[in-house]
Amino acid sequence: MVLTEKQKALQQSIRKTVQKIIVPRAEDIDRSNQFPEDVVKALTKEGYMKTRVPKEYGGLDWGTLEFNLLIEEISRASGSMAMIWCTSAQSATMEKLFGTEAQKKKYLTWLANDAIANYAASSEPSGGTDMGGIQTTAVRKGDYYILSGDKYFLEPATHADFFHVFAKTEPEKRSRGISCFIVEKNFPGVSIGKVADPIGLRGAGLAEILLRDAKVPAENLLGPYNAGVRIARAGLDDASAIGGLPLGMAQSALELALDYAVSRKAFDQTIASFQAVNFMLVDMATKVEASRSMIYRASGIRDAGQNDVRFFVMSSTFANMVAYEVSQSALDIFGGHGVLDNWHPVTRVWRDAHTNYGAGGTTNLRRLVISRNMFTELSPSSPLSPFSAAIRG
Ligand SMILES: Cc1cc2nc3c(=O)[nH]c(=O)nc-3n(C[C@H](O)[C@H](O)[C@H](O)COP(=O)(O)OP(=O)(O)OC[C@H]3O[C@@H](n4cnc5c(N)ncnc54)[C@H](O)[C@@H]3O)c2cc1C
């Protein structure tokens, strides 16, 4: 997919902004594991937070491709910042797909201003891939739902203004009895629990949220009652819309390795002149280009209004695998120097890529989604289609 002149100009202007605002802070965000309020404010001022919000609610309504160009550039500088951006900006997708007019008016308008949001609060100690294993409950009491439970591994939980929380409305129905709620951080009974100290994507506000008889207005039920798994799955299907995140990490790992390979000398020559290292770099570059082609193509398909879930999930899964592998190769090219300094950019990108690998659903879960769609497409009557309880929900 070839970028238009307008898209190339946009990419250049984002690159300049990222260079100015994020690059000087990237190492400190990683070291401190502190949510970078100053950087988020500066990027919000550039209008980047409202890119996914429709114009009628005050947003910029960027296409998926433009949004991925933004995320790729941010991620190239800092995986953590890209994670904050993806989960916040993409929260708009939840309201766009499933919100009532009143919900859209309130939450999309808020996102178009300066809201920070969590895309999906599903995971719990008892249920990650298996959504049916979650224990958070929502019980209707008059005009409210009362939510009780713990959610963990949420980004950017420490600073999110609102969350999309999945809770069991009919626990006996397991995954068919889960609903989704828009939960504001200031609702009674909502608090932030333990803040994580992860190996990568540090500073992105990874934390638990605790719901202790949290009082959520009934009108904050998002989408149909008991349709939580379908709503969460729409988020996973949408992952190609944020494929720029692993793509930017892979690009960064490649650039770091290239720079090092042409400057580091061994046996009186640069290590890039050894064919083994050279071929490794060629393979890395090829994988990054393949990942970029898939992500841009998936974005183009989405922007053309077509829904190709099989390809969308393939492209985001492949981009994740490429970031994982290319960051590993980059670390190898740095020899001992890569692993001696925990805060070196090459270790950061390796830690970020490994942390991101299962963040929006593990590779196995993604494969299950691809296979369900692949077999349904090839043979709708196949007994293999859909063959997984995890996917049937
Ligand atoms: C940085 C980060 C950010 C995150 N942000 C969020 C967030 O905002 N919201 C949120 O809800 N969650 C979030 N998560 C949690 C993430 O979604 C879960 O970690 C993920 O879904 C896996 O769940 P789990 O860790 O419980 O692993 P498990 O579900 O216990 O899986 C363990 C292993 O078993 C495999 N497995 C499980 N079931 C199957 C199956 N049916 N077939 C084949 N293999 C299977 C998995 O692939 C994995 O390899 C985040 C995680 C990270 C690391």
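**Strands, a helix, a ligand and domains**

Q: Let's start with strand β5 (residues 178–184). Is β5 largely enclosed or open?
A: First, keep in mind that this is a predicted model. In it, 6 of the 7 residues of strand β5 are buried, so the strand is largely enclosed by the rest of the structure.

Q: Okay, what about β7? Which way does it run against β3?
A: β3 and strand β7 (residues 207–217) run antiparallel, joined by 8 bridges. Within that pairing, isoleucine 146 is partnered with lysine 215 in β7.

Q: How many bridges link β7 with strand β6?
A: Strand β6 (residues 190–195) and β7 share 4 bridges, in the antiparallel sense. Serine 191 is opposite leucine 210 in β7.

Q: Switching to helices: how far apart are the end C-alpha atoms of α13?
A: They are 16 Å apart. Helix α13 (residues 345–356) has 12 residues, and at 1.5 Å a residue it should span 16 Å, so the two values agree.

Q: Got it. How many residues of α13 are buried?
A: 9 of its 12 residues are buried, so α13 is largely enclosed by the rest of the structure. Among them are Trp350, Arg348 and Asp352.

Q: What do those buried residues pack against?
A: The buried residues of α13 pack against α2 (26–32), α5 (79–89), α9 (244–263), α11 (309–333) and α12 (336–340).

Q: New topic: the ligand. How many residues surround the ligand?
A: There are 22 residues around the ligand, and the closest are Ser123, Gly128, Thr129, Thr362 and Asn364. By class, the shell holds 9 nonpolar, 11 polar and 2 charged residues.

Q: Which element gives the largest share of that shell?
A: That would be β1, with 3 residues. At least two residues each come from β1 (117–121), β3 (144–154) and α14 (363–378).

Q: Which domains does the ligand lie between?
A: Domain 2 (118–226) and domain 3 (243–361) both give residues to the shell around the ligand, so the ligand lies between them. The domain assignment also gives domain 1 (5–116).

Q: How far apart are the C-alpha centres of domain 1 and domain 3?
A: Those centres lie 22 Å apart. The two domains touch: 18 residues of domain 1 are in contact with 19 residues of domain 3.

Q: Which parts of domain 1 touch domain 3?
A: α2, α4 (64–77) and α5 each supply at least two residues of that side of domain 1. The most come from α4, with 10 residues. By class, this side of domain 1 has 7 nonpolar, 5 polar and 6 charged residues.

Key: Residues numbered from 1 in each chain as written. Predicted model: local features only at pLDDT ≥ 70, side-chain atom pairs only at ≥ 80, totals over all residues. Expected span 1.5 Å × (residues − 1). Buried ≥ 20, exposed ≤ 12 C-beta atoms within 10 Å, placed from the backbone. Contact = placed C-beta atoms within 7 Å. Near = placed C-beta within 6 Å. Nonpolar A, V, L, I, M, F, W, Y, C, P; charged D, E, K, R; others polar. Domains from an automatic or database assignment. Pairing = 2+ DSSP bridges.
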